[in-house]
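Dear colleague,

I am passing on the structure we spoke of, with the sequence alongside. Please look it over before reading my notes below.

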Amino acid sequence: MKIAVVGATGLVGGEILEVLEERNVQFDELLLVASARSAGSKKTFKGKEYTVITMEDAVAQAPDFAIFSAGGGTSLDWAPKFAEVGTTVVDNSSAWRMSPDHKLIVPEINASEITSEDKIIANPNCSTIQMVVALEPLRKRYGIKRIVVSTYQSVTGSGKAAVDQMMNERNGVDGPMCYAHKIDMNVLPHIDVFTDNGYTKEEMKMINETKKIFNDYSIGITSTTVRIPTMGGHSEAVNVEFKEDFDMEEVKQLLSEMPGVILQDDPKNNVYPMPLTAHKKDEVFVGRLRRDESQPNTLNMWIVADNLRKGAATNAVQIVEYLQKQMTQA
């Protein structure tokens, strides 16, 4: 069993290695892969030093799995080359997500859709993943008619350059700008580029990916995605209208029983999800549950998760774990 981590020197790549170690994923050989610029550098995994190799070298070794976190352009160029040599690619970019020929997978929801023919599997957007995991048990029970989501997203979602910008601003240091404006002590209603309909690509990702993952294109969804000066995770205010009325105690029970969800809903004692406490955790945290009193069958939720973990690295590793399990059972 040979696993490659493509983009191993980046923020998400480093997180993938941490998750592989923490979850004790079984493999015989690990390939750390990055651009030619990073090839030859060293990284340590489980106390062993590895030399980072190029894409060409990795393809030549035909790994069983390759977890990609190297950007959409790289994925479009290289994922098919890995697939051609028999590698199953789990890609963390947006390159393949909305392709009708590729699966968009959140293991707790739709892992069973994967077949042996799927050689390139898409990992959804970080903000989409945490929302659909929290909504899934409620969708199955009550049906979803409409979702209104507003996000409060960590700078880590933009990579190291954004973290550097925020910390430079916080420390009064001049440096390169990742964003169009200052981010520290500010809020930017602007994630990714604006599209012709006035929404950003991030907002459209949440809309389109949610429908594909749930395989329900009748759901009405609208999204506003916002960057805030935090690290540790993304937060979301979700207003969901169900097809049927719900019982609040049953809602809490369903969420408590959902794999990968932790209910933190005791506002009287100041218990609710926060990025600070979700940091480095693999679960999705849900709280501030309350009925929308302005219209029927509608629930307000507050959903938080570490965007580098469940929003990226953990979800990708869970897909590999699922496929490994299927292989051993075959």
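Predicted model: local features only at pLDDT ≥ 70, side-chain atom pairs only at ≥ 80, totals over all residues.

The secondary structure of the protein chain comprises ten helices and 13 strands. The C-alpha trace extends over about 60 × 55 × 40 Å along its principal axes, and 53% of the 330 residues are buried. Among contacts with a separation of 6 or more, 68% join residues 24 or more positions apart. The exposed surface comes to about 14700 Å², of which carbon and sulfur atoms supply 49%.

Turning to the sheet, five strands make up an open, parallel arrangement in the order E2-E1-E5-E6-E7. Strands E2 (29-33) and E7 (120-122) are at the edges and have a single partner strand each, so one side of each lacks a neighbour in the sheet. From one strand to the next, the twist averages 15°. Within this sheet, E5 (residues 65-68) pairs with E6 (residues 88-91) in the parallel sense over four bridges, and phenylalanine 68 has aspartate 91 in E6 as its bridge partner.

Two helices that pack on the sheet deserve mention. Helix H3 (residues 72-84) touches E1 (2-6), E5, E6 and E7, with its direction at about 175° to that of E5. Helix H10 (residues 309-329) likewise packs on the sheet and touches E1, E5, E6 and E7, its direction making about 165° with that of E5.

Conventions:
Residues numbered from 1 in each chain as written. Heavy atoms only, no water. Pairing = 2+ DSSP bridges. Axes fitted to C-alpha atoms, helices over the stretch in contact; angles between N-to-C directions. Contact = heavy atoms within 4.5 Å. Buried < 20%, exposed > 50% of the residue type's maximum accessible area, 1.4 Å probe, protein only. Areas by Shrake-Rupley, 256 points an atom, 1.4 Å probe, with all protein chains shown as cover.
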